[in-house]
Amino acid sequence: MKTAFITGITGQDGSYLAEHLLDLGYKVVAMMRRSATPDTSRFAHIEDRLTICHGDLMDQSSLMRLMSEHKPDEIYNLAAQSFVHASFHEPIHTSEVTGLGVMRMLEAVRLCAPKARFYQASSSEMFGDVFETPQTETTPFHPRSPYGVAKVYGHWATVNYRESYDMFACSGILFNHESPRRGTEFVTRKISDHVAAIAFGEKNQLALGNLDAQRDWGFAGDYVRGMHLMLQHDKADDYVISTGTTQTVREFCKIAFERVGLNYEDYVVVDPKFFRPAEVELLLGDATKAKEVLGWEPEVDFQGLVEMMVDADLKRRMVMGNSPTRGSLPEGLV
């Protein structure tokens, strides 16, 4: 039985990846930071099948201890300060965790588990003010946020350790991927949760920033399959994972509100405080390499993703015994 080690288990990607690996027969060791109020909600349904351990990307010794103790075959470094907007307010913390944290992890692997295969969660935010569209593995980086800058550092650290120490180290340059497990601080989940709240009469409007920002959105459950496939290939390399389609925040709103029979224009307002200091207008990925080399394909399309997220937020309220006061429930939920 292979052992997989996951950092960032409390996040969206960590929970989906853990599910996928368990289904494949892995032993999954999941690292959490110690906290007085640990959040295990995203993986509560599989918690009894995981080996939970405590460590921190800010603490080199804890990472070395865990690598020596568990001797994993595969390591997935998903932990990060991952909210772009927050990175402008916490640039040093973001740099320490999202950037230097990768270097600490790589050094722990090099010293204590050098035969392990390593996956680094890189990001389309590294492209930022894009040089070309669509973006591929060879597109130059021009990050437009402290988060993007930190991700570039982690990405190149991974490349450097692969080339310097012959480590099996891959970076997945994942474009935006969402799900019902996305945090409500992210715009997609903010939209789906507000749509449900408006339908149930809990809120009257949704305040957003740049409605014309374009993103390549996919389903997180599809994208974690790409992570795993990268570590099964015979050669370590970097891969873009994306749908190859792009939609605006406005289009996301339109489909989300239509799911409950409402018009987004009646509820969405633009609030300048949600604009980034440096905006990223367009991200569109070309996953040709991942498709041809790894055989990866996304299964959930954009409309299916939006409707999945809205339905999940509607169901949460229905479970509590509430009833909608605006619009209508989708057929499958009635």
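This is a predicted model: local features need pLDDT of at least 70, side-chain atom pairs count only at pLDDT 80 or more; totals for chains, interfaces and linings use all residues.
Me: What makes D193 and R316 a salt bridge?
Reply: Their closest N and O atoms are 2.6 Å apart. The cut-off is 4 Å between a Lys or Arg side-chain nitrogen and an Asp or Glu carboxyl oxygen. The pair is therefore within it.

Me: How do you know that this pair links distant parts of the chain?
Reply: D193 sits in helix α6 (residues 187–199) and R316 in helix α10 (residues 302–319). They are 123 residues apart.

Me: Why is D193 called buried?
Reply: Its relative accessibility is 12%. Buried means under 20%, so D193 qualifies.

Me: And R316, what is it called?
Reply: Partly exposed. R316 has a relative accessible area of 39%, and that class runs between 20% and 50%.

Me: What makes R317 and E202 a salt bridge?
Reply: Their side chains meet at 3.0 Å, N to O. The limit is 4 Å, so the pair counts. R317 is in helix α10, while E202 lies in the loop between α6 and β8 (206–208), 115 residues apart.

Me: What joins R189, D193, E202, D313, R316 and R317 into one network?
Reply: Salt bridges that share partners. In the whole structure, a search finds 20 salt bridges.

Me: How do you know that the buried residues of α2 are on the same side?
Reply: The buried residues of helix α2 (residues 60–70) are S62, L63, L66, M67 and H70. They cover an arc of only 135 degrees around the axis, so they lie on the same side of α2. In general, an α-helix has 3.6 residues a turn, so residues three or four places apart point the same way.

Me: What covers the buried residues of α2?
Reply: The cover includes β1 (3–7), β2 (27–32), β3 (51–54), β4 (74–77) and α4 (91–112). Just after α2, K71 takes a positive phi of about 45 degrees.

Me: Which members of the largest nonpolar core touch the most other members?
Reply: L50, Y76, Y119, I191 and F257, out of 65 residues. Leaving aside neighbours within four places in sequence, L50 is in contact with I9, A18, L22, V28, A30 and F43. A second, separate core of 23 residues includes C53, L57, A113 and M167.

Me: Why is E281 called partly exposed?
Reply: Its relative accessible area is 44%.

Me: Where is E281, and what does it touch?
Reply: E281 is in the loop between β13 (268–270) and α9 (288–294). Not counting residues up to four places away in sequence, E281 touches N210, D212, A213, Q214 and R215. E281 and G128 are 153 residues apart in sequence and 8.3 Å apart in space, C-alpha to C-alpha.

Technical notes
Residues are numbered from 1 along each chain as its sequence is written. Side-chain values use heavy atoms; hydrogens and water are left out. A nonpolar core is a set of buried Ala, Val, Leu, Ile, Met, Phe, Trp, Tyr and Cys residues joined through side-chain atoms within 4.5 Å. Buried means under 20% relative accessible area, exposed over 50%, partly exposed in between (1.4 Å probe, protein chains only). Contact means heavy atoms within 4.5 Å. Helices (H or I, at least four residues) and strands (E, at least two) are DSSP runs, numbered from the N terminus. The arc is that of the directions from the helix axis to the C-beta atoms.
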